[in-house]
Every structure is written in structure tokens, then in C-alpha cells.
Amino acid sequence: MNQEVIIVQGNHALSGDVTVAGAKNSALKLMAASLLGQGVSTIRNVPVISDIEIMGEVLDRLGAAVAREGHTLTIDTASVDSCETPYELVSKMRASISVLGPLIGRFGEARVAMPGGCQIGARKIDMHLVGLEALGVHFDVDHGVLHASTPDGLHGAHVYLEFPSVGATENMLMAAVTAEGHTAIENAACEPEIEDLANMLNAMGAKVSGAGTSLIEVEGVPLARLHPCDHTCVGDRIEAGTFLVGGALTGGPVTVHGIDPAFLRMAIMKLRAMGCAVECGEDWVRVTRTGPLHAVDIQTLPHPGFPTDLQAQFMLLAALADDVSVITENVFENRFMFAAELMRMGADVILDEHHAIVRGVEELEGAPVSSTDLRAGAALVLAGIVADGETRVHHLEHIDRGYEDYVGKLASLGADIRRVAADDVDC
């Protein structure tokens with residue numbers, strides 16, 4: 001496939017209304033959970049992004065039939081007869097490891113290639129394995145393939161996660177729903193996407209309580225009692241936060257629809273601290289700014305703390321603020337790769353291990369830049385909108401993993417932006 005670039009002409013304001021797609025980080029896990037339904041499940045509000053396509057291929061290799069109509073997926077898992085996922089798919093996307101839990105829950109075994117994906121951190125799967133082992137799962141690794149078995153069946157357990165890992169919580173949850181007895185997951189991840197997954201599992205006949213809190217409890221049910229369901233994916237809080245940052249950068253007003261403001265409490269608090277006015281409705285958030293951007297300190301933490309997936313976007317805001325901001329990355333060790341690209345545009349950033357000291361500058365300058373990961377790519381496009389001159393953003397495959405029609409949505413808000421084949425761009 002021919003490489004493409006996004007070309008942005010700077011000094012443009014964003015204003016208007018935009019609707020976010022369904023949450024990438026939820027939809028992928030809902031697709032995996034459909035394996036437990038043993039029939040035709042319908043998942044609505046699913047974004048049209050490359051990660052969803054890859055997960056669809058993973059399910060197809062397992063024997064499922066996946067069909068899309070607009071933003072609705074129909075997944076028939078009745079004929080799934082394989083519990084092995086191939087390396088060539090899993091290596092493209094770490095979220096593929098989320099089929100581990102439901103495969104174990106359905107078949108009592110799984111063979112899953114060790115995950116790959118974006119390069120923002122090691123994100124080892126040790127916690128997945130420790131949690132599942134407590135439920136009676138035995139693991140062997142052979143030539144890069146993780147083989148899970150349950151020689152004595154799945155049984156409930158009380159597990160305390162050493163870190164509130166989203167992936168480990170999800171895999172344990174999807175395995176525990178068919179385990180015999182009671183399972184308690186302490187220090188569980190509290191992300192809204194966890195609650196969304198639990199809601200779908202309950203609609204399928206599972207008995208899950210406490211999702212969205214640090215203590216999730218599961219009463220196991222026999223696999224035969226689980227059935228397909230019809231479920232609507234929650235809105236994408238990170239896409240919403242990205243567009244809110246765009247409004248904050250240029251002044252707005254930008255109104256983002258399709259999102260529960262409660263999902264963005266910490267981000268909204270930081271926007272207000274930076275000098276923005278933020279209004280909230282039942283399923284929308286509006287941001288406006290008339291004064292200067294103020295410096296702010298940010299620490300990324302598991303939900304309900306500040307999300308690591310909005311760190312790059314807020315570093316961009318800090319780069320244009322009126323003083324020095326300190327951003328501390330506590331979740332992914334390599335996520336400051338974005339800073340080097342932002343500095344190409346004139347940002348003043350000093351990196352000190354997991355801290356970034358960002359001294360605000362008066363303006364950014366357009367430049368050729370490359371996406372280093374999904375969220376960095378989105379932030380660099382926003383940087384181009386406020387920069388002086390032209391910005392070209394390369395390696396769009398990262399952006400395509402998590403943003404549906406990103407260029408089209410920004411254009412609808414007033415950005416001078418286009419996406420073209422790299423061969424059509426003059427040097």
C-alpha cells in the first residue's frame with residue numbers, strides 16, 4: 001500500500017461540533033468477549049479503524065464469522081473450533097492477547113502468540129499470567145507461543161493485582177465468568193471500558209459486579225448458560241479528549257458529542273486549570289478559551305487519574321502555555337518519544353527520565369514530523385493546525401489504529417488539512 005501523509009496548513013482555528021466514535025479500547029475487548037456467547041452477537045457503535053480490522057481477522061482465524069454494516073458488527077462465534085491465534089496477526093496488535101481469557105473460558109485452553117504492537121512500553125503480560133494461574137490455568141511458552149491449559153478446570157480465586165492493569169483485569173474477568181465458584185479481583189483497573197465489558201458479559205448471562213471500582217466480583221456460571229447479546233459500545237474518551245485539546249489550542253468553541261463527561265473528569269479539571277472554560281451535558285463536552293494558556297503539572301496514572309493516552313496532547317498544550325509545566329509519565333516508559341518530534345516544531349522540552357519539563361513558547365513552526373505512536377500522531381496533527389506554516393505528518397498507520405476519519409473530522413471543524421499519497425507530495 002502506498003504510504004500517505006497528512007498535510008496541515010497552520011494558524012487555523014477549530015470550532016464547531018464533532019461526534020466521537022465508539023471506544024477502541026472497549027470495542028476490541030467486546031469483540032473478544034463474543035467468543036463466550038457461542039452464537040450471533042451484535043456490537044454497535046464500533047469505530048472504523050485498523051485495529052478493529054485486525055481483531056476481526058483474529059476472530060476469523062478462530063472460526064468466527066465477522067460482518068460489518070456501518071458502525072455495527074455482527075459476530076457469529078457458534079462455529080469457533082480453534083483456540084490458537086497466529087503470530088502474524090497478534091504481532092500487529094497487543095490487544096489480541098485479550099482473546100486469551102475468553103478462549104480459556106470457552107475451551108479450557110488457548111494457544112496465543114506473544115503480543116506485539118506499538119512501541120511505547122514493554123507492557124509485559126506477567127500480571128495476566130499470574131491472575132489466570134490463580135484460576136487454575138497452567139502456562140507453557142514454546143517458541144514464542146503461549147500455551148494455556150486447565151488440567152483441573154477453572155475455579156474461583158481471590159486475586160490482588162500488583163498494578164491495576166487493564167489487560168490483566170479484562171483477561172481475568174473473561175476467564176472467571178465460567179470458573180466454578182467466586183472470584184474477587186482486588187486492585188482491578190477502574191477504566192470505563194472495564195465497566196463496558198462487564199455490562200456486555202452480564203448481558204450474555206454472566207454474573208459480574210463491581211466493575212468500574214477497584215474490587216470486581218464474579219460468580220461463575222456454566223458455559224452453557226452464556227448466550228449471545230446485543231450491546232452498544234461506549235464513546236471513545238481519548239478521541240473526545242483529543243478534540244477538546246484541539247479546541248483548547250485554538251480557542252474553540254469545540255463541542256464533542258457522544259461521550260460521558262464523567263469519563264474525562266481529570267482531563268476536564270486540567271483544561272480548566274490551563275485557562276479553558278468547559279461546559280458539560282449528559283453526553284457532550286464543550287471547551288472554549290479566550291485568555292492565555294496556563295502552565296500545569298500532570299502525572300499520568302491509572303483511571304481515575306490522568307490518562308496516559310492524553311499525555312502527548314496535553315504536552316502540546318503545555319508547549320504553548322505561559323510558564324513551565326512538568327509532565328510525569330508513570331504508565332509507559334517510552335512515551336516521551338513524541339517530545340523529539342514536537343521539538344522539531346520549536347517546542348522547548350527537556351526530558352529527565354520519566355519527567356518532561358516543558359517551557360512554553362510563543363508559537364510553533366510547521367515541519368515534517370513522524371508519528372511515533374497512536375496518540376503522538378494525533379497530537380502532531382493538532383500541532384500543525386496551530387503552527388506557523390506547513391506541517392507534514394508521516395507514518396499515519398499509527399493514527400489509523402485509533403482514529404476514524406481523523407482528517408475529515410478536523411476539516412469539519414475548520415482545519416486546512418488533507419491526506420495524500422506520499423508520491424504525490426513535492427519534496
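## Strand pairings and helix contacts in a predicted model

Strands β4 and β5 form a hairpin with two residues between them, and G70 in its turn has a positive phi of about 65°. This is a predicted model: local features need pLDDT of at least 70, side-chain atom pairs count only at pLDDT 80 or more, and totals for chains, interfaces and linings use all residues. Residues are numbered from 1 along each chain as its sequence is written, and side-chain values use heavy atoms, with hydrogens and water left out.

Helices (H or I, at least four residues) and strands (E, at least two) are DSSP runs, numbered from the N terminus. Two strands pair if DSSP finds at least two bridges between them.

**Around β5**

Strand β5 covers residues 72-76. Strand β4 (residues 65-69) pairs with β5 in the antiparallel sense over five bridges. Within that pairing, A67 stands opposite T74. Strand β3 (residues 40-44) also runs antiparallel to β5, joined by four bridges. Here S41 stands opposite I75.

In a regular strand the side chains alternate between the two faces of the sheet. Buried means under 20% relative accessible area, exposed over 50%, and partly exposed in between (1.4 Å probe, protein chains only).

**The four-stranded sheet**

Four strands form an open, mixed sheet in the order β6-β7-β9-β8. Its edge strands are β6 (84-85) and β8 (138-142), each pairing on one side only. β8 and β9 form a hairpin with two residues between them. H143 in that turn has a positive phi of about 55°.

| Antiparallel pair | Bridges | Partner residues |
|---|---|---|
| β8 and β9 (residues 145-149) | five bridges | D140 and H147 |
| β7 and β9 | five bridges | A110 and A148 |

Helix α4 (residues 100-107) packs on this sheet, touching β7 (109-113), β8 and β9. Contact means heavy atoms within 4.5 Å. The direction of α4 makes about 155° with that of β7. Axes are lines fitted to C-alpha atoms, for helices over the stretch in contact, and angles run from 0 to 180 degrees between N-to-C directions.

**Helix pairs**

Helix α1 (residues 24-33) packs with helix α7 (residues 192-203) at about 25°, their axes 9 Å apart. That makes α1 roughly parallel to α7; angles under 35 degrees count as roughly parallel, over 145 as roughly antiparallel, 65 to 115 as roughly perpendicular and the rest as oblique. The crossing of α1 and α7 is right-handed. A crossing is left-handed if the near helix is turned anticlockwise from the far one by less than a right angle, and right-handed if clockwise.

From α1, N25, S26, K29, L30 and A33 meet E193, D196, L197, M200 and L201 of α7. These residues divide into five nonpolar, two polar and three charged. Ala, Val, Leu, Ile, Met, Phe, Trp, Tyr, Cys and Pro count as nonpolar, Asp, Glu, Lys and Arg as charged, and the others, Gly among them, as polar.

Helices α10 (residues 311-319) and α11 (residues 337-344) pack at about 35°, with axes 11 Å apart. Their contact is made by A312, M315, L316 and A319 of α10 and F338, A339 and L342 of α11. By class it has seven nonpolar, no polar and no charged residues. The crossing of α10 and α11 is right-handed.

**M266**

M266 lies in helix α9 (residues 265-273). At 24% relative accessibility, M266 counts as partly exposed. Not counting residues up to four places away in sequence, M266 touches P304, G305 and F306.
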